[in-house]
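Me: Could you walk me through reading this fold? I'd like the general idea each time, then the case at hand.

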Amino acid sequence: GCQYCRATIPSSDNFIRLARGIQDQGGIIDSSPVATHLPPPTRTPRGSMAFLLRFGALLLLVVGRIGDAFHAPRVLKSLAKSRSRSVLLSKLELGRGSAAKPYEKKKIAVFGAGGYLGSILYGYLQRAASLYGTGIAGIQSPRAIGSTGTTATALNKELTSKFKLAFCSEDLIRLVDILNADYIRDRILKFDAAVIGTTYQLEQRSVTLNTYEVTPNDKAFEIYLDQKYGAKSDNAPLDDDIFHEVVFQNSIRACIEAGLSHVIVIETPRTGDTGLYLDILESQSEITYTYIRSLNPLGKDITYSFEKGVNSLVEITSPQSLSAKSADGAELKRETLAALAVQALQSCDWKTSRILEVEALTGDPPNTEYGQKGSRQNFSQEWCPNSHIIAEKLELLQAR
């Protein structure tokens, strides 16, 4: 029987006969036997319906905001926690570089990746490419640019020890003739940005077979950003030789002709005339740049692991003219300088050019509790621990 009125529902055969009889008499019957016994539906007032619609729209909005916050870079959370900020969070445009549109993956090339600074920088880029929110591409990128097969050996030696057995395969390395801009251009086509040095450390090596050699005995100068332990520079040009200027000009020209949007230029300790390289950059209007220079001597942590993260206290400025360097004071770690270059790719606007001067401050560096007994820190979702410190400083510079 019906669960509402306890009436007896006729069998299917009897119901069909009953329906035909009613239709013959001009009546109308529902095709469902139970429907004839359901209680009348309750009508929802218009006010209640409008309330439900508004509540649903609000719920969708909240869910969307939660999703955005989940995928946002960690710099957003760190800035929100810092209340003693002279610039309000709402006025900061977080991520003006590659992180501004993280779904548009940017391909980055690193020149001189066989050097220590280049290797650390490449390792950071590899980690950043594996995380959402950085805007760094992880397919066919980052690309290591060198002159000989020594690049792969030197790069992977540092990646393995500093980045938990990270590795750069041969398909991510391109060997180029640094004196041939066209040859360099063809190896960085369809890339978006590059990291290059001013004056590299040079080492004469045999040209790798099946690359750009003319005879099997050809030799070329390998480029290291900014140095490589044990490299022999006996036959290499001096630091003030015009050879370095030619290499730099070829690199910039290749980047322009390949269609790159931005270059990060790192001033190495071997650089003599800083104005020379800035003049070359200023003479090229087709590409923007970020020129990074340290005001302190550079050092490195021989026991470094990426879990240590940013290992120097720094102050970052963006002057209109170059400042004088200091031979005294704290030492700026190369690992922190590499982190600054990678963070600049994510945070700084690629449409404008700038000079970034970084000064090391005295005091204990940020502590990540790496190596401490009982530490439960997990850095699997960070390309460089404490990189938010650099990100905050860059955002504040651009918000002024």
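Me: Is the crossing of α4 and α9 left-handed or right-handed?

Reply: A crossing is left-handed if the near helix is turned anticlockwise from the far one by less than a right angle, and right-handed if clockwise. The crossing of α4 and α9 is right-handed. Before we go on: this is a predicted model, where local features need pLDDT of at least 70, side-chain atom pairs count only at pLDDT 80 or more, and totals for chains, interfaces and linings use all residues. Residues are numbered from 1 along each chain as its sequence is written, and side-chain values use heavy atoms, with hydrogens and water left out.

Me: At what angle do the axes of α4 and α9 cross?

Reply: Axes are lines fitted to C-alpha atoms, for helices over the stretch in contact, and angles run from 0 to 180 degrees between N-to-C directions. Helices (H or I, at least four residues) and strands (E, at least two) are DSSP runs, numbered from the N terminus. Here α4 (residues 116–129) and α9 (residues 334–347) have axes that come within 9 Å and cross at roughly 45°. That makes α4 oblique to α9; under 35 degrees would be roughly parallel, over 145 roughly antiparallel, 65 to 115 roughly perpendicular, and the rest is oblique.

Me: Which residues in α4 meet α9?

Reply: Contact means heavy atoms within 4.5 Å. From α4 come Tyr116, Leu117, Ile120, Leu121, Tyr124, Leu125 and Ala128, and their partners in α9 include Leu337, Val342 and Leu345. The residues of this contact divide into 13 nonpolar, one polar and two charged (Ala, Val, Leu, Ile, Met, Phe, Trp, Tyr, Cys and Pro count as nonpolar, Asp, Glu, Lys and Arg as charged, the others, Gly among them, as polar).

Me: And the sheet: in what order do the eight strands run?

Reply: Two strands pair if DSSP finds at least two bridges between them. The order is β3-β2-β1-β4-β7-β8-β12-β10, an open sheet with mixed pairing. β3 and β10 each have a single partner strand, so one side of each is left without a neighbour in the sheet. β1 and β2 pair in the parallel sense over three bridges, with Val110 opposite Ala144 in β2. By contrast, β10 and β12 pair in the antiparallel sense over four bridges.

Me: Which strands does α4 lie across?

Reply: Look for β1, β2, β4 and β7; α4 runs at about 165° to β1. Helix α10 also packs on the sheet, touching β10 and β12.
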